[in-house]
Amino acid sequence: MNVDPSCHPRLGQIVTILKGRDSGKFGVIIKIVDDRFVLIADGDKRKFDQPKKKNLLHLQLQDAISNEVVDSLSETGRVTNGKLRYALNKFAEERQTSAHEKGE
């Protein structure tokens, strides 16, 4: 099975989990393992130090990329769980706002 090359995962990218116990939840890509797998964390149940390895076929890549997470990973090689939670909360608020605007 080939992954669509037009949707390469990027560090700091927000993803929707499609398969598994956390399906329907969001996560942030904190490491790209290879062309099939990434490590994701959400800063809450899935901390930076205990990321989840996920197959890209089980994730839906979102357009949003958190600059805070990207900057932190490039500067220190780490990101705080608070920054991960902040990025996901910000993404959820933006989605909610755009959904309200489309609904009106």
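**The sheet and its surroundings**

In this model, which is predicted, 5 strands form an open sheet in the order E4-E3-E2-E1-E5, and their pairing is antiparallel. Strand E4, residues 52-55, and strand E5, residues 59-65, stand at the edges; each has a single partner strand, so one side of each is left without a neighbour in the sheet. On average, and ignoring direction, neighbouring strands are turned by 45 degrees against each other.

Strand E3, residues 37-41, runs antiparallel to E4, and 4 bridges join the two. Within this pairing, Val38 has Lys54 in E4 as its bridge partner.

What packs on the sheet? Helix H2, residues 81-103, does, touching strand E1 (13-17), strand E2 (26-32), E3 and E5. The direction of H2 makes about 130 degrees with that of E2.

I come now to the aromatic residues. The structure holds 1 aromatic pair. Phe26 and Phe91 form this pair in an edge-to-face arrangement, with 5.2 Å centre to centre and 80 degrees between the planes. Because Phe26 lies in strand E2 and Phe91 in helix H2, the pair ties together parts that are 65 residues apart in sequence.

Finally, a contact of another kind: the charged end of Lys53 sits over the ring of Phe37, 4.7 Å from the ring centre.

Thank you for your attention.

How values were computed. Residues are numbered from 1 along each chain as its sequence is written. This is a predicted model: local features need pLDDT of at least 70, side-chain atom pairs count only at pLDDT 80 or more; totals for chains, interfaces and linings use all residues. Side-chain values use heavy atoms; hydrogens and water are left out. Two strands pair if DSSP finds at least two bridges between them. Axes are lines fitted to C-alpha atoms, for helices over the stretch in contact, and angles run from 0 to 180 degrees between N-to-C directions. Contact means heavy atoms within 4.5 Å. Rings of Phe, Tyr and Trp (its six-membered ring) pair if their centres lie within 6.5 Å; planes under 30 degrees apart count as stacked, over 60 as edge-to-face and the rest as tilted. A charge sits over a ring if NZ of Lys or CZ of Arg is within 6 Å of the ring centre and within 35 degrees of the ring normal.
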